[in-house]
Amino acid sequence: MILKYNKLLIRIFAILFLNITYCQAQDCNLTLSGNVFDETSLVPLSYVHVHIQEENRHAISDEEGKFSVDSLCAGEYHLQLSHIGCEAKKVHLTITQDTLLIISLPHTASLLGTVIVKGQSQHNKDQPNLSIDRQTLEDNTNENLATLLENEAGVSTIKNGSGISKPVVQGLYGNRLAILNNGVLQSGQQWGNDHSPEIDPYTADKITVLKGASAIEYGGGNLGGVILVEPKRIAHDPHLHGQANYAFESNGNGHVLNTQFEQNTPLFGYRITATLKKYGDRKTPTYFLTNTGAEEINFSIQVDKKLSEKLYSEFYLSSFNTRLGILRGSHIGNLTDLQSALNRDIPFFTEDKFSYQVDAPRQEVLHQLAKAKFKYYANENQKIEFVLAGQINDRKEFDIRRGNRSDIAALNLLQYTLNTDLKYTHTFDKDWVLNLGNQTILSDNTNNPETGILPLIPDYRTWKWGLYSTLSKSKNNTDFNLGIRYDYVHQLALTISNSVPREIIRYNNYFLNLGGLFTIKHNFENFQSLAYNLGIASRNPAINELYSNGLHQGVSGIEEGDINLNSERAIKNTLEYKWFQNTNFTINALVYHQRFNDYIFLNPTDEIRLTIRGAFPVFKYEQTDAAIYGFDLSSQFTIGNSILGMLKYSYLQGDDLSNNQPLIFMPPNSAYGSMTYQHKGDIELNSNLRLEETSFEINYRLVFEQEHILADQDFIAPPDGYSLLGLKFSSNMITPKHKIRYFIKADNLLNETYRDYLNRQRYFADDIGISITTGLSFKF
Amino acid sequence: MTGCDKDDPEPPIEEELITTLEYVLSTPNNPDITLRFEDLDGDGGNDPVITGGTLQQFTSYEGVITLLNESETPTENVTEEIEEEDEEHQLFFQTTIPGINVEYTDEDADGNPIGLTSTLTTSAAGSGTLSITLRHEPSKDGAGVSNGDITNAGGETDIEVTFDIEIQ
């Protein structure tokens, strides 16, 4: 089979993934042959290791990506396909005749972007994106959603210690970044820089970051990126399969256990996942970070049911529950306390013993999600999807308080959100695709007055109604995509006055947001592609930006909203060039520029406010014109057939154009490199145990100093740049009956002392030192 | 929840709030002098009202600190809360006027000072400020802390107020 790089084929493979054709043959003389391609580039993949588990037989694909296994009996088989640099793929199939298997593996997906199958959104694949696969998730069970992504080009994390991390995509985070958990827009307290997304990444099969301009379908006022946390479809396998992953991390004596079961019964398919995490105090190279332990218990269940040939349903429930300690020495009273904390080498309240104890200051957060999805295929060309989802977010934050009040939350917010999502897809003339969507989001946020503290953000209710349409077409190796989105937003906020006696002031706000998207991508004959992406969007001011009022203890400042803020508007241009000459060398270069009018930001003003607790700096939400621009570079290469290399570099700059100064809190430039040696073939230890896919990785992360900032924009100068060295060894231990994946890795191997600009804990303490993680993954 | 209206929030009862600090200085045969810091609406809103005082030179005063939450009715005496948790609290006195000396006259169960009562002694005439700081969970064992040196105290600041003082 000769494969030309061709748009239509991409689509066929992307959607089908797997295509089986049958020919006539006799029993026990059957041949299984296959063609393996890279999922993104469609380049044939050589040296793919194919393992037929039932027969314990192996085959290796040739230069044209072909393999073949003969003398098979008719029956059911589980196949595993593995290849350097990508996650192994499992296939279950019943062979009754000679069979040809056409299959793709995500060899370059992390670099070149993935084909987003979920929702089959036509425009997504033309948007710059990257993704993390299940194998990476399993080998990093100790990480959270944000830190899993932080080595990727264009992605960074805002932290408050090691337990609290928020992802940042090309400089945007919080209210400006949409995170979708299993297709549902995550709704929590995104406004807080010390509020992590309440998602267990181990429910997912893949995490994808869309970096391009406003992804029209996702709404939520996102002017920039979108992060998709996607479980995979439940496999068409009637047997019960599952896995258990356990990891131990030396720094923090952390234990993580994750289990997953799935089966496709004749009535329905189901998957159950559960994660347990327990960490104690983390440690810098020289001292413990007292009170930085964490606990997490998560659970999810997914049920897929085919209701008829045309109607499919999917039900999903997930529960996320965490208790997170915050460095005791970072809890301060006022500006004087902050000054004395900044001048210390070791934070106040540092204990010389490790402990699992999590006291105040701490956060306790519960997030529950329930979702029902229905897909109706009216005919070959028309499809309707409906999603109904409810979320409950319960956040409590505990501070050190006087008079035995430390067990009464200082911030106590309960949020209910109800999403509906109706989408119609129509394909016509073969290569035109039209999407029409209608979305509603209702959220209700209430402060619990038991805190005994005036709330930082008021009680509120918001209604959002969004309509969108996208139209795409592929012709002659060129893809076009056009989208438009309209949102109507009503906010009702109930603030409590600052003056006594306390009065309730009601505000009703109405906003209209408009967004547009245009992308064009051309695939050249010689395995190169160029994509241009233009997005315009507006975002109405969020409740915290309008009405914040009071002391934000976490940042020891008084934060004030401004009820007169306008919507901010942004226009983002991206240009992405990809070159995949062959699977031995690929490169991806992305340049972007985003211009904001009325960019809303928290400005550290000159004002110092006097209270009985002393002086506090005042931060006000203000608007300015701004630009954020930069480039992301990544390259993947193989040396021989055993060494895989990766290089990534991100450059970003943010400017406040009206005030002619840098934007604060922008990610510093960073680079990441790794080299992986994968041993060819198996290592036989004895007749009952052999090792396959044994690999050894060395990685290096370099973060530069944030130099684009003025001295008076922060309490202290940004920390120096730093570099971290890591090692990892992993292997699959195969016994006649079982397969166990084993890994051991070292992070910050040289035990370097460093502080990170985007980690708020840098004002008080060093970042964590060396950490060794070992993990086991057992699959059946 | 789908309705177009939402109930009014219930304003929290700010039991923990301290609105007022009084430092009453008394010496025989003279009227008491009261240094007072008052911020009835808490952080933000109206500015606090700060009343300094004039002291006599070369005089020894008995000082008593009272903390109040006047946002509640009746006014809550927060001093009692400090007395109950005296091991976890300490007041510190700092001045820009040479010769002013403040000595603790109370102690907690561990024999460490609290600072709710003190003796303030003046020397020559002058003017400047006197700052009073209440620290929650200080390390009372830190070097110099029990003698009133705040440098190694740590903990969180619950109160930090500054008064203008005249000595004549």
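**Cis bonds, positive phi and cores**

Colleague: Where is the place of A:Pro361?

Modeller: A:Pro361 sits in the loop between helix H5 (335-342) and strand E23 (362-379) of chain A; helices (H or I, at least four residues) and strands (E, at least two) are DSSP runs, numbered from the N terminus. This is a predicted model, in which local features need pLDDT of at least 70, side-chain atom pairs count only at pLDDT 80 or more, and totals for chains, interfaces and linings use all residues. Residues are numbered from 1 along each chain as its sequence is written, while chains are lettered from A and ligands numbered from 1 in the order in which they are written.

Colleague: What is omega for the peptide bond from A:Ala360 to A:Pro361?

Modeller: Omega is near 0°, and the bond is cis. The bond from B:Thr73 to B:Pro74 is also cis, with omega near -5°. Most peptide bonds are trans.

Colleague: Why is A:Gln170 called buried?

Modeller: A residue is buried if 20 or more other C-beta atoms, placed from the backbone, lie within 10 Å of its own, exposed if 12 or fewer, and partly exposed in between. A:Gln170 has 29 within 10 Å, and is therefore buried. A:Gln170 has a positive phi of about 45° although it is not a glycine.

Colleague: Why is A:Asn253 called partly exposed?

Modeller: A:Asn253 has 17 other C-beta atoms within 10 Å, so it is partly exposed. Its phi is positive too, about 40°.

Colleague: Which residues touch the most other members of the largest nonpolar core?

Modeller: They are A:Leu180, A:Val226 and A:Ile227, in a core of 56 residues. Such a core is a set of buried Ala, Val, Leu, Ile, Met, Phe, Trp, Tyr and Cys residues joined through C-beta atoms within 7 Å.
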